[in-house]
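Reader: I am new to this structure and would like to go through a few of its details. Please show it, and then I will ask.

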Amino acid sequence: MSGPARVLDGARIVVGDTVVRLRGLESVNEDLYCGDGLACGRWAVGKLKARYDGRLLSCFGHFVQDGAEFTAFCLDGRDDLGAAILRSGLGFATLDAPAEYRDASHRAVRLRVGLRAFGGAVSMPGAEVPTPDMKARFGNKSAPALNTL
């Protein structure tokens, strides 16, 4: 499918009339905070909206969960949208992301770009208990940190 994009958060966009979940990316939403309480999620989603809202994207994927969600890789011209988001440090790669995505995410950490430039832990307010995917990534810790920089 292809059409103009509208960013919902760091892992979901609308293309045409379809909500697309970007494969290989974890959602970065406006409730994300970095370091000493900086609203880095709001900043990151704003950057993504400024960069991609209205852009003509082509997405390749399939419907999952009884056709309720379209999961895809998307292209902005010839550039892989997920890889571009990760290179700019405006997202997080999932554990099952392609190697190119994990490499782009690690590079953003090393270069301290995007969300990594804020320093400190990245967390959701009010997250008292880590989610199962956080436990898988960071072990059974009580802190709500998604990513320690």
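Reader: Which side chain makes a polar contact with the side chain of Ser88?

Author: This is a predicted model. Ser88 sits in the loop that runs between helix H2 (81–87) and strand E9 (92–93). Leaving aside residues up to four places away in sequence, Ser88 touches Arg51, Val113 and Gly114. The polar contact of its side chain, at 3.3 Å, is with the side chain of Arg51.

Reader: Is Arg112 buried, partly exposed or exposed?

Author: Arg112 belongs to the loop between helix H3 (99–111) and strand E10 (121–123). Its phi is positive, near 55°. Buried means under 20% relative accessible area and exposed means over 50%. Because its relative accessibility is 42%, Arg112 counts as partly exposed.

Reader: Which element gives the largest share of the largest nonpolar core?

Author: That core has 33 residues, and Leu81 is among those with the most contacts inside it. Leu81 touches residues including Ile13, Leu22 and Cys74, which are also listed among those with the most contacts in the core. The largest share of the core, five residues, comes from H2.

Reader: Which residue in E2 is the bridge partner of Ala5?

Author: Strand E1 (residues 2–7) runs antiparallel to strand E6 (residues 56–64), with three bridges between them; there, Gly3 has Leu57 as its partner. E1 is also joined by three bridges to strand E2 (residues 12–15), again antiparallel. A hairpin of four residues links E1 to E2. In E2, the partner of Ala5 is Val15.

Key:
Residues numbered from 1 in each chain as written. Predicted model: local features only at pLDDT ≥ 70, side-chain atom pairs only at ≥ 80, totals over all residues. Heavy atoms only, no water. Helix = DSSP H or I, 4+ residues; strand = E, 2+ residues; numbered from the N terminus. Buried < 20%, exposed > 50% of the residue type's maximum accessible area, 1.4 Å probe, protein only. Polar contact = N/O pair within 3.5 Å; in protein donor to acceptor, adjacent residues only side chain to side chain. Contact = heavy atoms within 4.5 Å. Core = buried A, V, L, I, M, F, W, Y, C linked by side-chain atoms within 4.5 Å. Pairing = 2+ DSSP bridges.
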